[in-house]
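Please keep the display below in view while reading.

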Amino acid sequence: MKYHPLLGEELLLNAPRTNKLAPRCVVLVFVAGISFYCVFSVIQVPVNEITSARLESGSTPCPCCDEVDPGRLFYNRVPKCGSTTLITLMRRMAAKNDFVHFNSKVYDRKNADQKEQRRIVMQVKNTPSPCSFDQHVFFINFTKFGESPPVFMNVIRDPVERIISSYFYRRMIARQNRTRLKPGAYWLNKKFEHCVLTPDPECTFMDGHNYSEVQLPYFCGQEPECQLLNDAGALQKAKQNIERYYAVVGTLEHMNVTLQVLEATLPRFFKGAYNVYRNLGVHRNQNPHKEQVKEEIKEILRANLSAEYELYDFVRQRLHNQYRSLVEEPPLDEQTSFLFD
């Protein structure tokens with residue numbers, strides 16, 4: 001299913017030169033048009049009424065992604081950013097909105113080789129639309145394989161909070177014997193503060209070194225430079241991909257805003273999602289072994305994650321700009337936020 005953006009409107013004035021009323025008509029039309037624009041531009045439309053008119057008429061779900069296939073959605077989910085609950089929500093929305101959702105059980109091939117990338121591209125291409133997919137995988141450029149990309153979406157999280165969450169989550173699943181190898185007692189009981197201050201390689205982030213655990217490669221792509229910490233080129237590429245291919249990138253800390261923007265921007269998939277989410281209740285992924293981390297320890301980590309935070313701030317600003325352009329009511333995140341460990 002190929003997508004073509006709407007052509008811009010053209011005003012053709014073919015009135016004969018001998019018509020003395022023509023200049024006055026042109027002026028009147030111009031003034032009326034300006035008046036209509038000024039009135040229309042300040043009208044605030046409720047979230048549930050927006051995209052039904054805008055997207056179902058054929059416009060693109062993201063302003064720069066002209067070539068995307070709007071009938072296919074790809075959620076290349078970042079771990080520890082609420083993806084389990086979002087997948088539950090997407091399954092319910094598939095039944096409600098009559099599309100098929102494919103949930104990948106592949107968790108350890110986020111950096112995919114060419115063969116695996118092509119397999120994913122062809123799976124998305126050959127699946128009848130409307131359909132959606134999720135997988136832990138870095139951004140894949142479908143155009144390199146000669147195919148129109150799907151609409152991408154994702155959710156990220158405060159970088160340090162995500163690192164802390166991931167640290168204790170790895171130990172929780174190891175204690176539950178959900179890992180292939182049983183780690184030693186030292187690793188299981190290692191204090192996060194000690195890990196940062198030692199510095200232990202597990203908790204150390206150095207400029208120019210390769211890290212696949214951070215969030216930026218999920219938007220930069222599969223190239224090796226995308227995993228170089230604080231690489232300016234990788235950061236720029238991630239921002240460009242977000243603007244071009246991602247209809248929505250939300251934040252876990254502002255999940256209510258994220259869901260309302262998803263519903264307004266992608267109604268084919270998320271119509272009614274905000275109310276369904278609220279009925280799901282607050283999701284708590286509690287970890288009894290998680291420690292409270294001192295603010296000074298978090299500051300040490302933040303100092304080494306400048307690109308991660310620039311990306312996070314870029315996404316957060318973009319999300320709230322989208323929200324302000326779509327809905328009237330102020331965000332309610334502080335009242336009903338996601339609670340995750």
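A crossing of two helices is called right-handed if the near helix is turned clockwise from the far one by less than a right angle, and left-handed if the turn is anticlockwise. With that convention in place, the model, which is predicted, can be examined.

Helix α5, residues 159–175, passes helix α13, residues 295–303, in a right-handed crossing. Two packed helices are described by the angle between their axes and the distance between the axes. For α5 and α13, the axes come within 9 Å and cross at roughly 110°. Angles of 65 to 115 degrees count as roughly perpendicular, and α5 is therefore roughly perpendicular to α13. On the α5 side, Val160, Glu161 and Ile164 make the contact, and they meet Lys298, Leu301 and Arg302 of α13. Sorted by class, the residues of this contact comprise 3 nonpolar and 3 charged, with no polar ones.

The contact is formed by Val257, Thr258, Gln260, Val261, Ala264 and Thr265 from α10, together with Leu319, His320, Gln322, Tyr323 and Leu326 from α14. This contact of α10 with α14 holds 6 nonpolar and 5 polar residues, and no charged residue.

From the helices, attention may turn to a strand. Asp134 belongs to strand β3, which covers residues 131–134. Is Asp134 buried or exposed? Its relative accessible area is 2%; buried means under 20%, so Asp134 counts as buried. The side chain of Asp134 is joined to the side chain of His101 by a polar contact of 2.6 Å. Beyond its neighbours within four places in sequence, Asp134 is in contact with Tyr75, Arg77, Ile87, His101, Phe102, Asn103 and Ser104.

These elements can finally be placed in the context of the whole chain. The secondary structure comes to 14 helices and 7 strands. The chain has 341 residues, of which 48% count as buried. How many of the contacts between residues at least 6 apart in sequence join residues at least 24 apart? The share is 77%.

Key
Residues are numbered from 1 along each chain as its sequence is written. This is a predicted model: local features need pLDDT of at least 70, side-chain atom pairs count only at pLDDT 80 or more; totals for chains, interfaces and linings use all residues. Side-chain values use heavy atoms; hydrogens and water are left out. Contact means heavy atoms within 4.5 Å. Helices (H or I, at least four residues) and strands (E, at least two) are DSSP runs, numbered from the N terminus. Ala, Val, Leu, Ile, Met, Phe, Trp, Tyr, Cys and Pro count as nonpolar, Asp, Glu, Lys and Arg as charged, and the others, Gly among them, as polar. Buried means under 20% relative accessible area, exposed over 50%, partly exposed in between (1.4 Å probe, protein chains only). A polar contact is a pair of N or O atoms within 3.5 Å; within protein, one must be able to donate a hydrogen and the other to accept it, and residues adjacent in sequence count only if both atoms are side-chain atoms. Axes are lines fitted to C-alpha atoms, for helices over the stretch in contact, and angles run from 0 to 180 degrees between N-to-C directions. Angles under 35 degrees count as roughly parallel, over 145 as roughly antiparallel, 65 to 115 as roughly perpendicular and the rest as oblique.
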